[in-house]
Amino acid sequence: MTATPPLIAPATRPAGLPLLVLGRGSDPASERGVDCPGSLPAASDPDLVARATAAKAALGERVFVLGHHYQRDEVIQFADVTGDSFKLARDAAGRPEAEYIVFCGVHFMAESADILTAAHQKVVLPDLAAGCSMADMARLAQVEDAWDALTDAGLADAVVPVTYMNSSADIKAFCGRHGGAVCTSSNAEVALEWAFSQHGADTKVLFLPDQHLGRNTAVRQLGLSLDDCVVWNPLRPHGGLTPEQLQAARIILWKGHCSVHGRFTPECVDDVRARVPDVRVVVHPECTYDVVTKADLVGSTEFIIKTIDAAPAGSSWAVGTELNLVQRLATRHPDKNIVFLDKTVCYCSTMNRIDLPHLVWALESLVAGHEVNVIEVDSDTEAWAKVALQRMLELPAGPARG
Ligand code: 13P
Ligand code: SF4
């Protein structure tokens, strides 16, 4: 039987479009969007929980399972630790004795874990189709073009590139090479403060790839004005900006976004306030500026969890982030009224790619001595990405946001 060909052959696919339709075809040039090799257990198999339990027990201390807060319940029950992307990056680095880190999250998180773990450790992503559409909105060639334009405008020497964790390893390496750093949603404020202090008053920041996290942090937390921000559109010549606009800007925001958080609108906030008496609205900073401005509290997934855990019984909360997490919070706190900010279902489809069949397959393969779906960043990229990640890990702890 011949293998199913990719829907668009890699050679003919337009540059900057790395993803195949999820789970279809194969692409040797990309780790994402490929078929699962081997035989995946059926989702209907009643023994999946028992199989995952047995495989994990057989691996013992050799395996450490990390679970991002957006993972399904069926997967999160097998996580040794759960966390936001900042906490998971630190946790991955803090387990040198584990031979395998099974990362239940998305591709950029597994790459970061590979960069931060020791050379003898292997990071496994149970489904290689678990990418992040936001991370794919900034491709290295595009970022290099933007940097060339900043150089031509005589500005690059005073620009500090800062990339959100939700970016590929080569973008992190770009930031490391050019004096920049990585940030996450829980430390974007201190990371931007650090960046703006690098070249005195002339400093500009190139913020990749999430324009909303960049704008929300720069304007709401650092006190910049909306006019200090410009948006670089990689699909337009010169980013769609004139040299004068670049010259005047303090922060250049990459035109990227999260389509999951983009579903929350200011109307969702108005609507829930009209429906639920005394409701408090807490949202993730990947939401648009208009939504964040209307919310009561803003913060990372870890912040959202801590806020709701600490809230008094009887309080009402509308939560603007991924649905798996919101449902888990509602189940954990039956004494609190927890509702999803949008009226329609809003899962992150790529986070949801990691399901119990893939986890069982990955764990059982490791038990059988087959290393599958190992995420390995090449050594040059790894070295520079590590520089940018270490700069982040060395930042002072920022304020817990509200
Ligand atoms: P956190 O850093 O808050 O975990 O968010 C990661 C993410 O992908 C949100 O969409
Ligand atoms: Fe990426 Fe958005 Fe999914 Fe987070 S929620 S992994 S930013 S697509």
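Guide: A crossing is right-handed if the near helix is turned clockwise from the far one by less than a right angle, and left-handed if anticlockwise. Keep in mind that this model is predicted.

Visitor: Which hand does the crossing of α3 and α4 have?

Guide: The α3–α4 crossing is right-handed. Helix α3 spans residues 85-93 and helix α4 residues 107-116. Their axes come within 8 Å and cross at roughly 35°.

Visitor: Which residues make the contact?

Guide: From α3, Ser85, Leu88, Ala89, Ala92 and Ala93. From α4, Met109, Ser112, Ala113 and Leu116. Seven of the contact residues are nonpolar, two are polar and none is charged.

Visitor: Why do the buried residues of α5 line one face?

Guide: Start with the general idea. An α-helix has 3.6 residues a turn, so residues three or four places apart point the same way. In α5, the buried residues are Gln142, Val143, Ala146 and Leu150. Viewed down the α5 axis, they fall within an arc of 100°, so they line one face.

Visitor: What covers the buried residues of α5?

Guide: The cover includes strands β5 (159-164), β7 (204-208) and β8 (229-232), with helices α6 (169-177) and α9 (243-248).

Visitor: Which exposed residues sit on the face turned away from the buried side?

Guide: Ala141, Glu144, Asp148, Thr151 and Asp152 of α5.

Visitor: What comes just after α5?

Guide: Glycine 154, with a positive phi of about 75°.

How values were computed: Residues numbered from 1 in each chain as written. Chains lettered and ligands numbered in written order. Predicted model: local features only at pLDDT ≥ 70, side-chain atom pairs only at ≥ 80, totals over all residues. Axes fitted to C-alpha atoms, helices over the stretch in contact; angles between N-to-C directions. Helix = DSSP H or I, 4+ residues; strand = E, 2+ residues; numbered from the N terminus. Contact = placed C-beta atoms within 7 Å. Nonpolar A, V, L, I, M, F, W, Y, C, P; charged D, E, K, R; others polar. Buried ≥ 20, exposed ≤ 12 C-beta atoms within 10 Å, placed from the backbone. Arc of directions from axis to C-beta.
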